[in-house]
Amino acid sequence: LDRPWFGWGGYGRWRAYGAGASDGAWVITLGKWGYWGFYGRFAMMLASGYLALKRLKYLDIWQQRILGGLSLIVGFCALDLVPNGLWNILTVFYCGTLVGLSRGMVRDEGSPVSNLRSKLRAALYSRIARA
């Protein structure tokens, strides 16, 4: 960590030669991009999960299940990056999807989708009551 803030950059300058294989995304990120790069990469995953958790209480049960499942995927991807250095573009995709869904999902009773849902629910309950 001779250059802790911004790292050593690419082309293998960050590697300690003779130390063996460098594995673990946090080691590679700290070496290449320093503290700022580490914060940029891993804060993205933590912020997306935090935003989704803050929005859960405002959503209905089905939206909560979708956000909860996607939050688990992002959490497992982040947990997998600690010992393994396989940074995947799907991790970034899942984080972006989680942020987009948590900001876009709203429990709005006046929307056409919720009106259709309530009409279908009422029709189903009336059929069950008649049976």
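# A walk through a helical chain

Residues 24 or more positions apart account for 67% of the contacts in the chain with a separation of 6 or more. Keep that figure in mind during the walk. The model is a predicted one.

Start with the overall plan. The chain has four helices and zero strands. Read from the N terminus, its elements run α-α-α-α. The chain has 131 residues, and 24% of them count as buried. Its accessible surface comes to about 9,400 Å². Carbon and sulfur atoms hold 66% of that surface.

Now go inside. The largest nonpolar core contains 13 residues. Phe42, Met45, Leu67, Val74, Leu81 and Leu98 have the most contacts inside this core. Three helices each supply at least two of the core residues: α1, α2 (61–81) and α3 (89–104). Helix α2 gives the largest share, five residues.

Met45 sits in helix α1. Is Met45 buried or exposed? Its relative accessibility is 3%, so Met45 counts as buried; the cut-off for buried is under 20%. Which residues does Met45 touch, once those up to four places away in sequence are set aside? They are Val74, Ala78, Leu81, Trp87, Thr91 and Cys95. Now compare sequence and space. Met45 and Gly96 are 51 residues apart along the chain. Their C-alpha atoms are separated by 9.0 Å.

Trp87 lies in the loop between α2 and α3. Its relative accessible area is 23%, so Trp87 is partly exposed. That label covers the range between buried, under 20%, and exposed, over 50%. Leaving out residues up to four places away in sequence, Trp87 touches Arg41, Met44, Met45, Leu81 and Val92. Ala25 is 62 residues from Trp87 in sequence. From C-alpha to C-alpha, Trp87 and Ala25 are 6.9 Å apart.

Next, move to helix α3 and find Ser102. How much relative accessible area does Ser102 have? The value is 0%, and therefore Ser102 is buried. A polar atom of its side chain lies 3.0 Å from the backbone oxygen of Val99. Beyond residues up to four places away in sequence, Ser102 touches Leu51, Ala52, Arg55 and Leu67. Leu67 is also among the core residues with the most contacts.

Asp60 is in the loop between α1 and α2. With a relative accessible area of 17%, Asp60 is buried. A polar atom of the Asp60 side chain lies 3.2 Å from the backbone nitrogen of Gln63.

Finish on the outside. Which residues form a nonpolar patch on the surface? They are Trp5, Phe6, Tyr35, Trp36 and Tyr39. Together these residues have about 680 Å² of accessible area. Look at Tyr35 as one of them. Tyr35 belongs to helix α1, which spans residues 25–55. Its relative accessibility is 35%, so Tyr35 counts as partly exposed. Helix α1 therefore holds both Tyr35, which is partly exposed, and Met45, which is buried.

Notes:
Residues numbered from 1 in each chain as written. Predicted model: local features only at pLDDT ≥ 70, side-chain atom pairs only at ≥ 80, totals over all residues. Heavy atoms only, no water. Patch = residues over 30% accessible without salt bridge, like charges linked within 9 Å, V, L, I, M, F, W, Y side chains within 5 Å. Areas by Shrake-Rupley, 256 points an atom, 1.4 Å probe, with all protein chains shown as cover. Salt bridge = Lys/Arg side-chain N within 4 Å of Asp/Glu carboxyl O. Buried < 20%, exposed > 50% of the residue type's maximum accessible area, 1.4 Å probe, protein only. Core = buried A, V, L, I, M, F, W, Y, C linked by side-chain atoms within 4.5 Å. Polar contact = N/O pair within 3.5 Å; in protein donor to acceptor, adjacent residues only side chain to side chain. Contact = heavy atoms within 4.5 Å.
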